[in-house]
Amino acid sequence: MLNSYLPKIAVIKNIKIQTPEVILFTLQLKNKEDQKNFKFIPGQFIEVGLPSFSEAPFAVCSNPDDSNKNFQICVRKAGQLTKKIHQLKINDQLTVRGPFGNGFPENLTGNILLIGGGLGLVPLRPLILANQNNKNFKMQIFYGACEAKDLIFKDEYKTWQKSANLALTLDKQCPNWKGNVGLITTLFDKIKVDSSATAILCGPPVMYKFVIQKLKQAGLDDANIFLSLERRMHCGIGVCQHCSIGSKYACKHGPIFSYQELKNIPGAI
Ligand SMILES: Cc1cc2nc3c(=O)[nH]c(=O)nc-3n(C[C@H](O)[C@H](O)[C@H](O)COP(=O)(O)OP(=O)(O)OC[C@H]3O[C@@H](n4cnc5c(N)ncnc54)[C@H](O)[C@@H]3O)c2cc1C
Ligand code: FES
């Protein structure tokens, strides 16, 4: 029987620096059979750890169609564990439990608006990669970062633009930046959003309140607005109660919730 507490060993197969603070790691489970059977839904996370040190949740951010071969996580240096993960080299090992959580709604069709703030683009990337040739999926992407140096997945934008309408914004004007300057909400004042769209938001908590206001002004239904909630997590499987939101747990019932589910839970957003 699968034991959700039992970590599996993963080997680092590739390392790609994204920004001075963020690294993209390609991982492969050491046990070939486990890797072949590895599957995830975009929006799900895994607990990644270093034995006898600690572990933390990270969104799986690669194309789900490749998940039988390998998978990727994008790690921002935040504290002790992530600092140690940043020091790892190709062929070093770490532990992985999961995937956990519900992930984004499956079989999305129609107009899909992905809104990523900062590292919030990470869990959205599998949706983008998996739907590049999906004719039932009209993708619009709003992505905002602080400065030009903070933009992640930069070398993929050209490819994404073939199948998606990608709008970028920076909080501050940077040398040679010709795009939009201003918070992510300023994009709504310049680019039309379809009122029948399904919106998926991921970013710093402060962004949610203001982006939801814009989505409501554009006429989106509460049930068509989904957001990923970040809470401190430990077990990842609804046991330790560290990630509670009212009567729900972010790890087990989320991390993806519809605005309709959350809007009446005090402190949820
Ligand atoms: C579902 C989920 C998915 C995540 N996906 C990613 C990802 O794809 N990439 C990534 O880099 N990070 C992700 N995180 C955040 C990541 O888990 C934390 O940054 C990590 O726990 C930091 O560990 P640390 O020991 O290095 O830092 P710590 O020493 O534990 O913390 C350093 C700082 O970060 C803050 N912090 C730690 N965890 C969180 C959290 N969950 N929410 C808000 N602040 C926090 C602490 O308060 C402290 O200020 C995700 C978190 C969740 C809950
Ligand atoms: S992380 Fe333990 S209950 Fe959610």
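A charge is taken to sit over a ring if NZ of Lys or CZ of Arg is within 6 Å of the ring centre and within 35 degrees of the ring normal. In this predicted model, the charged end of lysine 84 sits over the ring of phenylalanine 53, at 5.0 Å from the ring centre. The charged end of arginine 125 is likewise placed over the ring of phenylalanine 153, 4.5 Å from its centre.

**Aromatic residues**

- The count of aromatic pairs comes to seven.
- One of them joins phenylalanine 153 and tryptophan 160, with 6.2 Å between the ring centres and 55° between the planes.
- That pair is classed as tilted, because planes under 30 degrees apart count as stacked, those over 60 as edge-to-face and the rest as tilted.
- Phenylalanine 153 counts as buried because its relative accessibility is 0%.
- Tryptophan 160, at 1% relative accessibility, also counts as buried.
- Phe153 and Trp160 belong to one aromatic cluster together with Tyr143 and Tyr157.

**Loop between S8 and H4**

- Phenylalanine 153 has its place in the loop between S8 and H4.
- The phi angle of phenylalanine 153 is positive, near 60°, in a residue other than glycine.
- Glutamate 156 lies in the loop that runs between strand S8 (137-145) and helix H4 (157-163).
- With a relative accessibility of 13%, glutamate 156 counts as buried, because the cut-off for buried is under 20%.
- Beyond its neighbours within four places in sequence, glutamate 156 makes contact with Arg125 and Leu129.
- Arg125 and Leu129 are both among the buried residues of H3.

**Helix H3**

- Helix H3 spans residues 121-130 and is mostly covered, with nine of its ten residues buried.
- The buried residues are Leu121, Val122, Pro123, Leu124, Arg125, Pro126, Leu127, Ile128 and Leu129.
- An α-helix has 3.6 residues a turn, so residues three or four places apart point the same way.
- Arg125 of this buried set is the residue whose charged end sits over the ring of phenylalanine 153.

**Strand S11 and isoleucine 200**

- Isoleucine 200 is part of strand S11, residues 198-202.
- Isoleucine 200 counts as buried because its relative accessibility is 0%.
- Residues up to four places away in sequence set aside, isoleucine 200 touches Phe104, Leu108, Leu113, Leu114, Ile115, Leu124, Leu127 and Phe226.
- Two of these contacts, Leu124 and Leu127, are listed among the buried residues of H3.
- Isoleucine 200 and leucine 124 are separated by 76 residues in sequence, and their C-alpha atoms are 8.3 Å apart in space.

**Ligand 1**

- There are 19 residues around ligand 1, and those that come nearest are Pro57, Cys74, Arg76, Thr82 and Glu230.
- A polar backbone atom of alanine 59 is 3.1 Å from an oxygen atom of ligand 1.
- A nitrogen atom of ligand 1 is 2.8 Å from a polar backbone atom of cysteine 74.
- For arginine 76, a polar backbone atom is 2.7 Å from an oxygen atom of ligand 1.
- Ligand 1 exposes 880 Å² when taken alone, and the protein buries 70% of that.
- Strand S4 (54-59), strand S5 (71-76) and helix H2 (80-86) are the elements that give two or more residues to the shell around ligand 1.
- S4 gives the most to that shell, with four residues.

**Backbone details**

- The peptide bond from glycine 98 to proline 99 is cis, with omega near 5°.
- Proline 99 is in strand S6, residues 93-100.
- Glycine 254 and proline 255 are also joined by a cis peptide bond, with omega about 10°.
- Proline 255 is placed in the loop between strand S14 (248-249) and strand S15 (256-258).
- Asparagine 176 is not a glycine, yet its phi is positive, at about 70°.
- The loop between strand S9 (164-170) and strand S10 (180-181) holds asparagine 176.
- Asparagine 176 is exposed, with a relative accessible area of 73%, because exposed means over 50%.

Conventions
Residues are numbered from 1 along each chain as its sequence is written. Chains are lettered from A and ligands numbered from 1 in the order in which they are written. This is a predicted model: local features need pLDDT of at least 70, side-chain atom pairs count only at pLDDT 80 or more; totals for chains, interfaces and linings use all residues. Side-chain values use heavy atoms; hydrogens and water are left out. Buried means under 20% relative accessible area, exposed over 50%, partly exposed in between (1.4 Å probe, protein chains only). Contact means heavy atoms within 4.5 Å. Rings of Phe, Tyr and Trp (its six-membered ring) pair if their centres lie within 6.5 Å; planes under 30 degrees apart count as stacked, over 60 as edge-to-face and the rest as tilted. A residue is near a molecule or strand if one of its heavy atoms lies within 4 Å of it. A polar contact is a pair of N or O atoms within 3.5 Å; within protein, one must be able to donate a hydrogen and the other to accept it, and residues adjacent in sequence count only if both atoms are side-chain atoms. Accessible areas come from the Shrake-Rupley method with a 1.4 Å probe; for residues, only the protein chains shown count as cover.
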